[in-house]
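I opened this model to look up its pockets and one of its strands, and I kept my entries in the order in which I checked them.

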Amino acid sequence: MCKIIAIANQKGGVGKTTTTSNLGIGLAKQGKKVLVIDADAQGSLTASLGFTEPDKLEVTLANVMEKVINDEEIEPGYGILTHDEGIDLMPGNIELSGLEVSLVNVMSREVMLRSYVDMVKERYDYILIDCMPSLGMITINAFACADSILIPVQAAYLPVKGLQQLIKTIGKVKRQINPKLEIEGILLTMVDSRTNYARDISSMLKEAYGSRVRIFANAIPISVRAAEISAEGISIYEHDPKGKVASAYDSLTKEVLADGQ
């Protein structure tokens, strides 16, 4: 059974990409077969995994989805890249923004990504989708094929309005397109534990959403070491294995794995 998790927040800069790559590699370290999908036109996940010029790649998610739209055959491994730390990557790049526009006129446009994921999912235990910071057509496609959505939230200010909008959209997709969709949980990122501010935010989040949505026990601390890894093409486990961020992602991985039991 493959579990598909979309990592989403319509605000950028909250740690979506870092969470996708480190959770993916964390799951691979636990012996799981993992595919990460870069569904963001900025290609940040692709670049952070060491493929530094996403726009020069021959095959990306945009090409794969075009093939789905045109009903063309796709070989199972088509376009998939492998990373040294044991995960597979379906890369993304700027071509996704053009695809976003052309999807508007496609029949069953919300389920194009689902058609692709259905073709490859029996090869994996987990598929993680890094969504773009918007609630556009590609993100809706990710929600339409996901089992659950993990929402990284930066602990720097209270993003309640944005979260309400996101949770509302998830509810709408669940009712109209994907009845199995759940919220995996809210993950606090970039937490500076030295400040009361971060503690206040986490208790406000628990108050506002804790009864309806799980808030992960493990928050991801803010760290300069974690900020460096995106330039190096490796995970936090390789870059700073003994650091607090690696330990936090390791604990998050175990929380996610416990759900799958």
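Predicted model: local features only at pLDDT ≥ 70, side-chain atom pairs only at ≥ 80, totals over all residues.

Entry 1. Sorted by class, the lining of the largest pocket holds eight nonpolar, nine polar and three charged residues.

Entry 2. I turned to the second largest pocket, which has a volume of about 210 Å³. Among its lining residues I listed Met1, Cys2, Lys3, Arg114, Asp118 and Lys180, and I saw that strand E1 (3–7), helix H5 (112–120) and helix H6 (137–145) each contribute at least two residues to the lining. The class count for the second largest pocket is five nonpolar and six charged residues, with no polar ones.

Entry 3. I next looked up strand E2 (residues 34–39), where six of six residues are buried. Val34, Val36 and Asp38 point one way from E2, whereas Leu35, Ile37 and Ala39 point the other way, and I noted that all are buried.

Entry 4. I followed the pairing of E2, which runs parallel to E5 and is joined to it by six bridges, with Asp38 standing opposite Asp130 in E5. Strand E4 (residues 88–90) is also parallel to E2, through three bridges, and there Asp88 is the bridge partner of Leu35.

Terms used. Residues numbered from 1 in each chain as written. Heavy atoms only, no water. Nonpolar A, V, L, I, M, F, W, Y, C, P; charged D, E, K, R; others polar. 1 Å grid on protein atoms, 1.4 Å probe; cavity = no way out; pocket = protein on both sides within 12 Å on 5 of 7 lines; lining within 4 Å. Points joined across faces, edges and corners; volume = space filled by probe spheres on them. Helix = DSSP H or I, 4+ residues; strand = E, 2+ residues; numbered from the N terminus. Buried < 20%, exposed > 50% of the residue type's maximum accessible area, 1.4 Å probe, protein only. Pairing = 2+ DSSP bridges.
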